[in-house]
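Dear colleague,

Please find the structure below, handed over for your records. My notes on its aromatic contacts follow.

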Amino acid sequence: MGVPRVKTGRIVLRQARPEDMMGCARVFVRSATDLSRRQGTASPTIRALDMAPALAHLQSTDPKGFHVALRGGRVIAFASTILRGNTHFLSMFWTLPSQQSRGVGRRLLTRAFEEPKPPKSAIRCVYASLDSRAQALYIKFGMHARGVFYMLKGPPKRSPRPARAVELVPLGSVRETSREMLNIAARFDRTFRAARRDRDIRYVMSLPGARFFLVRARRSRLGYAVINEKGRVGPACVTDPRYSAGLTWAIKEKAREIGAENIAMVVHGLNAGALGVLFEAGLRVEFLGAWMAANQIPAD
């Protein structure tokens with residue numbers, strides 16, 4: 001059974017349905033464009049049609065954490081949380097500019113965090129924009145800033161190879177997800193994200209031209225990476241931070257090899273090695289935000 005509807009004037013709040021995803025995608029594009037204008041950053045280039053499948057993945061894996069606000073049958077705001085182990089991540093939260101600061105967002109967040117009935121030990125977290133209103137709301141939900149992150153984008157131009165290099169060993173075929181890939185990803189995700197994420201790995205591997213690589217240095221397995229022909233990078237990780245620059249450089253070169261015109265990567269602000277490689281290659285910051293969490297994730 002679905003979550004009962006809650007009415008607030010002419011606004012209806014309910015659990016999202018598959019047919020709501022295009023409406024949510026349109027809200028994202030309009031709201032993100034408005035945020036970029038106000039903050040003086042580049043507007044998002046993704047189309048609603050391209051965004052909808054990613055939202056559908058969230059709705060299918062965590063339906064009780066995905067909620068929408070509608071007016072006149074149209075989506076005006078939505079919030080989506082996903083629960084992976086004890087990590088309760090706010091993956092999406094957007095409201096049309098004309099509906100912001102009216103209390104709708106707070107009601108949506110309450111439902112998105114509480115309706116899945118996560119364990120009490122679950123840690124709320126989010127990659128937050130620098131919008132002060134959004135951050136104030138996240139603080140009310142117990143999340144506090146614990147670092148910054150950068151979303152960088154640009155052509156994968158040539159750049160000097162770092163001293164500590166890594167090898168990207170391809171596994172399986174393009175757009176194929178094998179048990180070996182899932183087990184490798186799980187081994188490292190338990191360290192970095194305190195959870196196994198098979199459903200998410202299957203999704204990113206379903207994207208056009210997606211390839212899975214084992215990261216190796218001196219015969220040691222250090223991590224894994226997923227890259228696709230459109231230049232989308234991630235997940236990607238290494239257990240030894242000394243190889244962060246080497247991993248980033250190898251990913252950039254592999255993207256060049258498979259013909260990606262641009263690459264897009266999200267990098268934590270403390271990862272100086274990765275940032276150095278990307279800035280040296282000419283990539284630019286497209287989005288800057290804050291990593292906010294109710295507590296440190298134990299595996300960090």
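Over which ring does the charged end of Arg 164 sit? That ring belongs to Tyr 243, and the charged end lies 5.9 Å from its centre. A charge counts as sitting over a ring if NZ of Lys or CZ of Arg is within 6 Å of the ring centre and within 35 degrees of the ring normal. Arg 124 likewise lies over the face of Phe 113, at 4.6 Å from the ring centre.

The model is predicted, so local features need pLDDT of at least 70 and side-chain atom pairs pLDDT 80 or more, while totals for chains, interfaces and linings use all residues. Residues are numbered from 1 along each chain as its sequence is written, and side-chain values use heavy atoms, without hydrogens and water.

Rings of Phe, Tyr and Trp (its six-membered ring) pair if their centres lie within 6.5 Å; planes under 30 degrees apart are stacked, over 60 edge-to-face, and the rest tilted. The count by this rule is 9 aromatic pairs. The pair of Tyr 127 and Trp 291 is tilted, because the planes stand at 55°, with centres 5.0 Å apart. Tyr 127 belongs to strand 6 (residues 123–128) and Trp 291 to strand 13 (residues 284–293), so this pair ties together parts 164 residues apart in sequence. Strands are DSSP runs (E, at least two residues), numbered from the N terminus.

Trp 291 is buried at 12% relative accessible area, and Tyr 127 is partly exposed at 40%. Buried means under 20%, exposed over 50%, and partly exposed in between (1.4 Å probe, protein chains only).

Finally, ring pairs join Phe 89, Tyr 127, Phe 149, Phe 287 and Trp 291 into a cluster.

Yours sincerely

Key
Helices (H or I, at least four residues) and strands (E, at least two) are DSSP runs, numbered from the N terminus.
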